[in-house]
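Dear colleague,

My notes on what was found in it follow below.

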Amino acid sequence: MQSSNPVLTRPIEAPVVLDQRRGLTLDGVCGRTLVLIAVTVAAAAAAWNLLQAPAWTGFAVLGSTLATLVLALVITFKQITNPLVISGYAVLQGVFLGVVSRELEQQFPGIVVQAVIGTFGVFFAMAALYRARILRATKRFTQVVTGALLGILLLSLVDLALRFFGRGLPIYQAGTLGVLFAVLCIIVGALTFVIDFDQVERAVAGGLPPRYGWYLAFGMLVGLIFLYWQILRLLSFLRR
(Lines give C-alpha, C1' and ligand atoms only; values in the text may rest on other atoms or scores of the structure.)
Protein backbone atom coordinates (compact mmCIF):
# COMPACT_ATOMS: atom_id res chain seq x y z
CA MET A 1 0.00 0.00 0.00
CA GLN A 2 1.40 3.33 -1.00
CA SER A 3 1.23 6.25 1.38
CA SER A 4 -0.62 9.41 0.46
CA ASN A 5 0.98 12.29 -1.40
CA PRO A 6 2.73 14.58 1.09
CA VAL A 7 2.49 18.17 -0.14
CA LEU A 8 4.68 20.86 1.31
CA THR A 9 2.95 23.94 2.63
CA ARG A 10 4.29 27.01 0.83
CA PRO A 11 4.04 30.58 2.15
CA ILE A 12 0.89 32.20 0.86
CA GLU A 13 1.40 35.24 -1.33
CA ALA A 14 -1.76 37.29 -1.52
CA PRO A 15 -2.94 40.88 -1.14
CA VAL A 16 -3.92 41.95 2.34
CA VAL A 17 -7.54 42.88 2.95
CA LEU A 18 -7.67 46.35 4.47
CA ASP A 19 -11.02 45.76 6.18
CA GLN A 20 -10.30 43.00 8.72
CA ARG A 21 -14.01 42.35 9.13
CA ARG A 22 -14.12 41.03 5.57
CA GLY A 23 -10.91 39.03 5.80
CA LEU A 24 -10.24 35.38 6.47
CA THR A 25 -11.38 33.97 9.80
CA LEU A 26 -10.45 30.87 11.78
CA ASP A 27 -14.06 29.70 11.65
CA GLY A 28 -13.95 30.06 7.87
CA VAL A 29 -10.90 27.82 7.59
CA CYS A 30 -12.40 25.25 9.97
CA GLY A 31 -15.67 25.24 8.06
CA ARG A 32 -13.98 24.69 4.72
CA THR A 33 -11.83 21.93 6.20
CA LEU A 34 -14.94 20.15 7.44
CA VAL A 35 -16.53 20.48 4.00
CA LEU A 36 -13.50 18.89 2.32
CA ILE A 37 -13.44 16.08 4.90
CA ALA A 38 -17.12 15.43 4.24
CA VAL A 39 -16.52 15.32 0.47
CA THR A 40 -13.61 12.91 0.96
CA VAL A 41 -15.61 10.62 3.23
CA ALA A 42 -18.58 10.61 0.83
CA ALA A 43 -16.35 9.70 -2.12
CA ALA A 44 -14.63 7.02 -0.03
CA ALA A 45 -17.96 5.50 0.96
CA ALA A 46 -19.12 5.46 -2.66
CA ALA A 47 -15.90 3.82 -3.85
CA TRP A 48 -16.01 1.31 -0.98
CA ASN A 49 -19.49 0.13 -1.99
CA LEU A 50 -19.49 0.56 -5.77
CA LEU A 51 -15.99 -0.34 -6.97
CA GLN A 52 -16.06 -4.01 -6.06
CA ALA A 53 -14.78 -5.67 -9.24
CA PRO A 54 -11.00 -6.36 -9.29
CA ALA A 55 -10.59 -4.58 -12.62
CA TRP A 56 -12.30 -1.46 -11.31
CA THR A 57 -10.31 -1.64 -8.08
CA GLY A 58 -6.96 -1.65 -9.87
CA PHE A 59 -8.00 1.12 -12.23
CA ALA A 60 -9.31 3.23 -9.34
CA VAL A 61 -6.12 2.85 -7.31
CA LEU A 62 -3.74 3.63 -10.15
CA GLY A 63 -5.84 6.41 -11.65
CA SER A 64 -6.60 8.16 -8.39
CA THR A 65 -2.96 7.92 -7.25
CA LEU A 66 -1.57 9.60 -10.36
CA ALA A 67 -4.40 12.14 -10.58
CA THR A 68 -4.13 13.22 -6.94
CA LEU A 69 -0.36 13.57 -7.18
CA VAL A 70 -0.59 15.85 -10.20
CA LEU A 71 -3.54 17.83 -8.86
CA ALA A 72 -1.95 18.27 -5.43
CA LEU A 73 1.23 19.66 -6.96
CA VAL A 74 -0.72 22.03 -9.20
CA ILE A 75 -2.83 23.31 -6.31
CA THR A 76 0.23 23.74 -4.10
CA PHE A 77 2.55 25.54 -6.47
CA LYS A 78 -0.19 27.61 -8.15
CA GLN A 79 -1.82 28.27 -4.78
CA ILE A 80 -5.23 27.60 -6.26
CA THR A 81 -8.17 28.76 -4.16
CA ASN A 82 -10.97 27.51 -6.41
CA PRO A 83 -13.22 25.29 -4.25
CA LEU A 84 -14.24 23.13 -7.23
CA VAL A 85 -10.64 22.21 -8.04
CA ILE A 86 -9.81 21.52 -4.40
CA SER A 87 -13.01 19.51 -3.98
CA GLY A 88 -11.95 17.49 -7.03
CA TYR A 89 -8.78 16.55 -5.16
CA ALA A 90 -10.90 15.51 -2.18
CA VAL A 91 -13.06 13.29 -4.41
CA LEU A 92 -10.05 11.59 -6.01
CA GLN A 93 -8.41 10.98 -2.66
CA GLY A 94 -11.72 9.67 -1.37
CA VAL A 95 -11.83 7.07 -4.15
CA PHE A 96 -8.32 5.91 -3.25
CA LEU A 97 -9.19 5.91 0.45
CA GLY A 98 -12.32 3.87 -0.05
CA VAL A 99 -10.85 1.18 -2.28
CA VAL A 100 -7.63 0.55 -0.37
CA SER A 101 -9.25 0.87 3.05
CA ARG A 102 -11.84 -1.73 2.07
CA GLU A 103 -9.14 -4.19 1.04
CA LEU A 104 -7.28 -3.75 4.30
CA GLU A 105 -10.48 -3.94 6.33
CA GLN A 106 -11.22 -7.31 4.78
CA GLN A 107 -7.79 -8.55 5.83
CA PHE A 108 -7.75 -6.92 9.26
CA PRO A 109 -11.29 -6.24 10.56
CA GLY A 110 -11.55 -3.04 12.56
CA ILE A 111 -8.33 -1.51 11.25
CA VAL A 112 -10.04 1.40 9.48
CA VAL A 113 -11.85 2.60 12.61
CA GLN A 114 -8.62 2.33 14.57
CA ALA A 115 -6.75 4.37 11.93
CA VAL A 116 -9.45 7.07 11.86
CA ILE A 117 -9.45 7.38 15.66
CA GLY A 118 -5.67 7.52 15.68
CA THR A 119 -5.58 10.17 12.96
CA PHE A 120 -7.94 12.59 14.66
CA GLY A 121 -6.42 11.81 18.05
CA VAL A 122 -3.00 12.90 16.81
CA PHE A 123 -4.50 15.95 15.07
CA PHE A 124 -6.23 17.25 18.19
CA ALA A 125 -3.18 16.47 20.33
CA MET A 126 -1.01 18.59 18.01
CA ALA A 127 -3.61 21.35 18.05
CA ALA A 128 -3.51 21.35 21.86
CA LEU A 129 0.30 21.45 21.91
CA TYR A 130 0.30 24.32 19.43
CA ARG A 131 -2.35 26.27 21.32
CA ALA A 132 -0.35 25.86 24.53
CA ARG A 133 2.71 27.18 22.63
CA ILE A 134 4.65 24.02 23.46
CA LEU A 135 5.39 23.56 19.77
CA ARG A 136 6.06 26.51 17.47
CA ALA A 137 6.81 26.71 13.77
CA THR A 138 10.23 28.33 14.05
CA LYS A 139 12.45 28.66 11.01
CA ARG A 140 14.64 25.72 12.07
CA PHE A 141 11.61 23.59 12.93
CA THR A 142 10.04 24.26 9.53
CA GLN A 143 13.27 23.46 7.71
CA VAL A 144 13.72 20.13 9.50
CA VAL A 145 10.12 19.00 9.03
CA THR A 146 10.09 20.13 5.39
CA GLY A 147 13.33 18.27 4.69
CA ALA A 148 12.00 15.11 6.32
CA LEU A 149 8.77 15.35 4.35
CA LEU A 150 10.66 15.79 1.10
CA GLY A 151 12.71 12.72 1.91
CA ILE A 152 9.58 10.66 2.56
CA LEU A 153 8.07 11.84 -0.71
CA LEU A 154 11.20 10.87 -2.62
CA LEU A 155 11.34 7.43 -1.02
CA SER A 156 7.64 6.89 -1.79
CA LEU A 157 8.22 7.68 -5.47
CA VAL A 158 11.23 5.33 -5.58
CA ASP A 159 9.20 2.57 -3.97
CA LEU A 160 6.34 3.13 -6.43
CA ALA A 161 8.74 2.87 -9.37
CA LEU A 162 10.30 -0.33 -8.02
CA ARG A 163 6.92 -1.96 -7.57
CA PHE A 164 6.40 -1.83 -11.33
CA PHE A 165 9.27 -4.32 -11.50
CA GLY A 166 7.87 -6.52 -8.75
CA ARG A 167 10.05 -5.13 -5.99
CA GLY A 168 9.86 -2.48 -3.32
CA LEU A 169 11.85 -0.79 -0.59
CA PRO A 170 12.07 -2.79 2.68
CA ILE A 171 10.90 0.23 4.64
CA TYR A 172 7.51 -0.05 2.93
CA GLN A 173 7.12 -3.75 3.76
CA ALA A 174 6.10 -5.59 6.90
CA GLY A 175 8.99 -6.09 9.29
CA THR A 176 11.09 -4.18 11.77
CA LEU A 177 12.26 -1.60 9.23
CA GLY A 178 8.74 -1.11 7.97
CA VAL A 179 7.37 -0.52 11.47
CA LEU A 180 10.14 1.92 12.42
CA PHE A 181 9.78 3.87 9.20
CA ALA A 182 5.99 4.03 9.60
CA VAL A 183 6.46 5.45 13.11
CA LEU A 184 8.89 8.04 11.73
CA CYS A 185 6.36 9.01 9.03
CA ILE A 186 3.64 9.41 11.66
CA ILE A 187 5.87 11.71 13.71
CA VAL A 188 6.74 13.82 10.66
CA GLY A 189 3.09 13.89 9.57
CA ALA A 190 2.03 15.05 13.03
CA LEU A 191 4.62 17.83 13.10
CA THR A 192 3.45 19.20 9.76
CA PHE A 193 0.25 20.31 11.49
CA VAL A 194 2.28 22.77 13.53
CA ILE A 195 3.35 24.44 10.28
CA ASP A 196 -0.27 24.37 9.03
CA PHE A 197 -1.61 25.91 12.25
CA ASP A 198 1.02 28.64 12.10
CA GLN A 199 0.14 29.46 8.50
CA VAL A 200 -3.56 29.66 9.33
CA GLU A 201 -2.82 31.94 12.27
CA ARG A 202 -0.67 34.22 10.13
CA ALA A 203 -3.21 34.27 7.30
CA VAL A 204 -6.03 35.28 9.64
CA ALA A 205 -3.89 37.93 11.33
CA GLY A 206 -2.83 39.28 7.93
CA GLY A 207 -6.42 39.63 6.79
CA LEU A 208 -6.15 37.53 3.65
CA PRO A 209 -9.26 37.27 1.44
CA PRO A 210 -11.72 34.56 2.54
CA ARG A 211 -11.11 32.49 -0.61
CA TYR A 212 -7.68 31.55 0.74
CA GLY A 213 -9.50 29.55 3.38
CA TRP A 214 -9.92 26.84 0.74
CA TYR A 215 -6.19 26.67 0.14
CA LEU A 216 -5.48 26.40 3.86
CA ALA A 217 -8.20 23.78 4.25
CA PHE A 218 -6.59 21.84 1.41
CA GLY A 219 -3.34 21.79 3.37
CA MET A 220 -5.15 20.44 6.42
CA LEU A 221 -6.83 17.74 4.34
CA VAL A 222 -3.53 16.65 2.79
CA GLY A 223 -2.00 16.37 6.25
CA LEU A 224 -4.91 14.35 7.61
CA ILE A 225 -4.89 11.92 4.70
CA PHE A 226 -1.13 11.50 4.85
CA LEU A 227 -1.31 10.77 8.59
CA TYR A 228 -4.20 8.34 8.08
CA TRP A 229 -2.21 6.30 5.55
CA GLN A 230 0.83 6.12 7.81
CA ILE A 231 -1.22 4.97 10.79
CA LEU A 232 -3.11 2.48 8.63
CA ARG A 233 0.16 1.12 7.28
CA LEU A 234 1.64 0.79 10.78
CA LEU A 235 -1.45 -1.01 12.06
CA SER A 236 -1.41 -3.42 9.11
CA PHE A 237 2.24 -4.27 9.82
CA LEU A 238 1.52 -4.82 13.50
CA ARG A 239 -1.56 -6.95 12.76
CA ARG A 240 0.53 -9.20 10.52
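A polar contact is taken here as a pair of N or O atoms within 3.5 Å, where, within protein, one must be able to donate a hydrogen and the other to accept it. With that in mind, at the start of α3 a side-chain oxygen of Asn82 comes to within 2.8 Å of the backbone nitrogen of Leu84. Please keep in mind throughout that this is a predicted model.

As for the overall make-up, the protein has 7 helices and 0 strands, and its elements, read from the N terminus on, run α-α-α-α-α-α-α. Of the 240 residues in the protein, 47% are buried.

Staying with α3, its 25 residues should span 36 Å at 1.5 Å a residue, and this agrees with its end C-alpha atoms, which are 36 Å apart.

Two loop residues deserve a look for their backbone angles. Gln79, which is found in the loop between α2 (54-78) and α3 (83-107), has a phi near 50°, a positive value in a residue other than glycine. Arg133, found in the loop between α4 (111-131) and α5 (139-163), likewise is a residue other than glycine with a positive phi, in this case near 65°. Are these two residues buried or exposed? Gln79 has a relative accessible area of 11% and is therefore buried, the cut-off for that class being under 20%, whereas Arg133, with a relative accessible area of 41%, is partly exposed.

A pair of residues separated in sequence may also interest you. Ala43, in helix α1 (residues 26-50), is buried, with a relative accessible area of 12%. Between Ala43 and Phe96 there are 53 residues of separation in sequence, while their C-alpha atoms are 8.9 Å apart in space.

Finally, there is the pair of helices towards the end of my notes. Two packed helices are described by the angle between their axes and the distance between the axes. For helix α6 (residues 176-205) and helix α7 (residues 212-239), the axes come within 9 Å and cross at roughly 165°. Because angles over 145 degrees count as roughly antiparallel, α6 is roughly antiparallel to α7. The crossing in which α6 passes α7 is left-handed, and the residues of the contact between α6 and α7 divide into 20 nonpolar, 6 polar and 2 charged.

Conventions. Residues numbered from 1 in each chain as written. Predicted model: local features only at pLDDT ≥ 70, side-chain atom pairs only at ≥ 80, totals over all residues. Heavy atoms only, no water. Axes fitted to C-alpha atoms, helices over the stretch in contact; angles between N-to-C directions. Helix = DSSP H or I, 4+ residues; strand = E, 2+ residues; numbered from the N terminus. Parallel < 35°, antiparallel > 145°, perpendicular 65-115°, else oblique. Left-handed = near helix turned anticlockwise from the far one by under 90°. Nonpolar A, V, L, I, M, F, W, Y, C, P; charged D, E, K, R; others polar. Buried < 20%, exposed > 50% of the residue type's maximum accessible area, 1.4 Å probe, protein only. Expected span 1.5 Å × (residues − 1).
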